[in-house]
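Reader: I'm new to this one and would like to know what the words used for it rest on. Could you take me through it?

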Amino acid sequence: MGTPLRSSSQRSLRAGRVAADTAAIAGLTLASLLVLWLQPVDAAAGVSRGSDALAVGFVLLTMIPLLWRRRAPLTVAVIAVCASLIGSTRGYALALTSIGAFVALASAAYLTDRRRTFALGGFTLVALITISSIAGGSFIGVQALIVDASGPLLALFAGDVMRSRRVYAERWQARAEEIERLRDADRQRAVAEERVRLARDVHDIVGHYLAGIALQARAGLRRVRSDPARTTDALTEIDHLASDALAETRQAVGIIRSADALTDLRPAPGIDDIEELIARIRTTEVSIELRRDQPGRSLPASLQTATYRIVQEALNNVIKHAGPATAQVTIEQQPDALTVTVRDDGKTTPNARPDEQGNGLLGMRERAEQVGGTLQAGPQSSGGWRVQATLPVREGDLA
């Protein structure tokens, strides 16, 4: 829709400019004819002929071509200069016709380039010398040449200055538009990256809570007859997990729908939230132990969020694939790196490979790579599965 609107606006501007040009030239022509009619013959001023049809013809020949000066600026300038010079040297009191010639010269300099402007200036001088010499029977004097040439040359200079200013403004406009395009591209790239991050968050959130719901549902089914009270507890936990999942999913989707939702969201989860995460999914079937170094200097939010999401997805995999198991989460903070390890002693698939590319494993690797780290995952020789992420801690990141 932008292109048709722009084209319509340009056509309207062009039509308005043509109308304004036509009105201005018509007014200038009428004024020239009126002055020509009122101007008396004054031999002392160099006027030796009265007004007649030829004088009117010279006026019209100088003024009317100005209507086409945007299409053929050099041709119009040549016609206007020649008509004005010939009419003046033949003794007619052409009065305002010299203004038409100046307008044609200034327009030609404005609409072409400096090389053509110099060429037109040279032509004007040659035409002035030639026509004046033919009319007067001898070469024009230096003083008279300077006086007569000053007007046309000033018109060319003014047109060249205006053209230079226009070109300068157009270059800055083009540069501003290019900067705006680059800014839009950066904004779109940032939006795309944010959408990918949010999609990963939604996957982690939904996967985590669904794994917990499935675990509680299995526990409840086994105890539905033997231990109804424990079954009720399991169903209550499922209700809580489902409610939390819906709330966090709405928050994540809310960012995509509206940037205003950012102000209503709680901060991104960090390392301190891992203990709460474990408490939510710990059951009699999956026992989870957290080992964490005493926190030293605070870590950047991006590193803490990556750690939380890696642990969350790794525990989801334990719940979904390991069966009854004991899991251990270890977080070690070293001077130059943060090491996160999640291992379990549950069952493993015989042909499982460390490079197996499920969505969960891919998401964990992306989380680690996003902060410049690496991730390794695979079965342990003693049984179970191990996920280990090494996330670099730069000196400038530490608070």
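Reader: How many helices and strands are there in the protein?

Author: There are 10 helices and 5 strands. Both are DSSP runs numbered from the N terminus, helices being H or I with at least four residues and strands E with at least two. This is a predicted model, where local features need pLDDT of at least 70, side-chain atom pairs count only at pLDDT 80 or more, and totals for chains, interfaces and linings use all residues. Residues are numbered from 1 along each chain as its sequence is written, and side-chain values use heavy atoms, with hydrogens and water left out.

Reader: Why is Thr330 called buried?

Author: Buried means under 20% relative accessible area, exposed over 50%, and partly exposed in between (1.4 Å probe, protein chains only). Thr330 has 14%, so it counts as buried. Thr330 sits in strand 2 (residues 325–333). Leaving aside residues up to four places away in sequence, Thr330 touches Arg291, Thr339, Val340 and Thr341; contact means heavy atoms within 4.5 Å.

Reader: And what makes Leu30 exposed?

Author: Its relative accessible area is 58%, so Leu30 is exposed. You'll find Leu30 in helix 1 (residues 2–38). For the protein overall, buried residues make up 36% of the 399 residues.

Reader: How do you know that helix 8 and helix 9 are roughly parallel?

Author: Start with the angle: helix 8 (residues 274–281) and helix 9 (residues 301–322) pack at about 15°, with their axes 10 Å apart. Axes are lines fitted to C-alpha atoms, for helices over the stretch in contact, and angles run from 0 to 180 degrees between N-to-C directions. Under 35 degrees counts as roughly parallel, over 145 as roughly antiparallel, 65 to 115 as roughly perpendicular, and the rest as oblique. So helix 8 and helix 9 are roughly parallel to each other.

Reader: Which residues of helix 8 and helix 9 meet?

Author: From helix 8 come Ile274, Leu277, Ile278, Arg280 and Ile281, and they meet Thr307, Tyr308, Val311, Gln312, Leu315 and Ile319 in helix 9. That contact divides into 8 nonpolar, 2 polar and 1 charged. (Ala, Val, Leu, Ile, Met, Phe, Trp, Tyr, Cys and Pro count as nonpolar, Asp, Glu, Lys and Arg as charged, and the others, Gly among them, as polar.)

Reader: What makes the span of helix 3 close to the expected one?

Author: Helix 3 (residues 73–89) has 17 residues and reaches 24 Å from its first C-alpha to its last, close to the 24 Å expected. The expected span is 1.5 Å times one less than the number of residues.
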